[in-house]
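Welcome! Let's take a friendly walk through this structure, looking at charged pairs and at a piece of its surface.

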Amino acid sequence: MKCDYCGSNLGIEDELCPHCGNPNTHARQHSEAMRMFNSRFRATEAEVRENTRRFNRFTVTLTVLAVLVALNAIVLLLIANSWIIEDSMINKRVARNMKTHVAALDEMMDARDYRGIEYYANMNNLTYSEAMRKYDSVFNVARCYNQIQNNIIELFINDRDTKYSYMSDEELIEYIARNYEYVYDLEEELDRTWGEPIPEYAKVFVRNTIDDAGLLLKEFFGVTDDDLIAMRDMTTSRRALLLEEAYSR
Amino acid sequence: MKKDKKTIASRIMTIAVFILTASLIIELIVLGVGLRQGRYRYTVDAISMVYSIRNGDYENLVRDYYNNVYQNVTEEKNKDYIIPYAVARYVESAIKYRVYANRIDAAECISNMENDKQLMGEFAYIADDIDERLGIGKIK
């Protein structure tokens, strides 16, 4: 670059010519151009930064939204299938402790601990478990026996004249008749639930429960052995009538 | 105008994130409750059991007793249960004694009943009342 006045060589940053001292017009134009360039550059840089920030925020929010939608869908699916999941969890837990449960139940069956069987099965979710399916008749027979005993307590020991006596004597006797029927019907069900071969102690337990339920009826209603045998072939209402007659005596 | 649209879209997305997060939390609670449904067990407090005794509802009392005991709610942990549990056990033993006297160890059964009667303290008259209702006074 040459000086417009003396023609000597000039640098692009020189504002005055070092030889003649006149202003360097090229330098002024250059610095103006640089200022403009810098200003445009900063504006463009700010715009790019802002756009990037917006894009990033948008992308992150969109990703979070997508993840939340997916999680919601998964959890809803799990809720819809919670019973299946829970069943599976229970089954696994029961199967893991199978030996303990079987030992405890066998001991209770041997001791004719009907309350123990019912509550042990309930508290350990054995009644819902596939692993303990063959014990279903045992649980049912114990539950029916306990129900008979509960109804007897209500009928013979409870204060019957309070507002808390929701069921009449007739209704309670009908429940007892029905549960007695269930107890001996469950002897046949043992074949269905246990499968072959049915162990002797299971058969003995069911037979014992039938005997014990019969003893309850004999002791509290005064029915005879013949009545108990005859009751097996009666309808529920006929059986209830027989018990009612015995009760009123 | 373009900037306004972007702001509105951004706000809508933020609101959607909040709604979805809230619904996810609620769903997780529902799932947790659902998965614990089969394991949910109630226990009965001593006052309710005393209330059953007061109303002469021994059937309910016995059921509550077994329900509690099988969940390890024992009288050792809470002394308030001593009387209601003693009454519940007494009812069960009395029935056992009356019905299965020939099969069970009658002496042990009577000893248990006496023990429970002692635990009842000033409410021992309840045991006498149960004896009377079951007609076991004559047997003892």
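Asp116(B) is buried, as its relative accessible area is 5%, and buried means under 20%. Please keep in mind that this is a predicted model.

Which residue does Asp116(B) meet in a salt bridge? The partner is Arg89(B), with 3.0 Å from N to O. Arg89(B) sits in helix H4 (residues 82–100) of chain B and Asp116(B) in helix H5 (residues 106–120) of chain B, so this pair ties together parts that are 27 residues apart in sequence.

## Pairs along the helices of chain A

Side chains of opposite charge can pair when their charged atoms come close. A search of the whole structure finds 18 salt bridges over all chains.

In helix H1 of chain A, Glu50(A) and Arg53(A) are 3 residues apart, which means about one helical turn separates them. Their closest N and O atoms are 2.9 Å apart in a salt bridge. Glu50(A) is partly exposed at 28% relative accessibility, and Arg53(A) is partly exposed at 41%.

Helix H6 (residues 169–194) of chain A holds Arg178(A) and Glu174(A), 4 residues apart and separated by about one helical turn. They form a salt bridge whose closest N and O atoms lie 2.6 Å apart. Both count as partly exposed, Arg178(A) at 29% relative accessibility and Glu174(A) at 33%.

## A nonpolar patch

Now for the surface. Val67(A), Leu71(A), Ile74(A) and Leu78(A) make a nonpolar surface patch of about 310 Å². Leu71(A) belongs to helix H1 (residues 25–80) of chain A and is partly exposed, at 35% relative accessibility.

Methods
Residues numbered from 1 in each chain as written. Chains lettered and ligands numbered in written order. Predicted model: local features only at pLDDT ≥ 70, side-chain atom pairs only at ≥ 80, totals over all residues. Heavy atoms only, no water. Patch = residues over 30% accessible without salt bridge, like charges linked within 9 Å, V, L, I, M, F, W, Y side chains within 5 Å. Areas by Shrake-Rupley, 256 points an atom, 1.4 Å probe, with all protein chains shown as cover. Salt bridge = Lys/Arg side-chain N within 4 Å of Asp/Glu carboxyl O. Helix = DSSP H or I, 4+ residues; strand = E, 2+ residues; numbered from the N terminus. Buried < 20%, exposed > 50% of the residue type's maximum accessible area, 1.4 Å probe, protein only.
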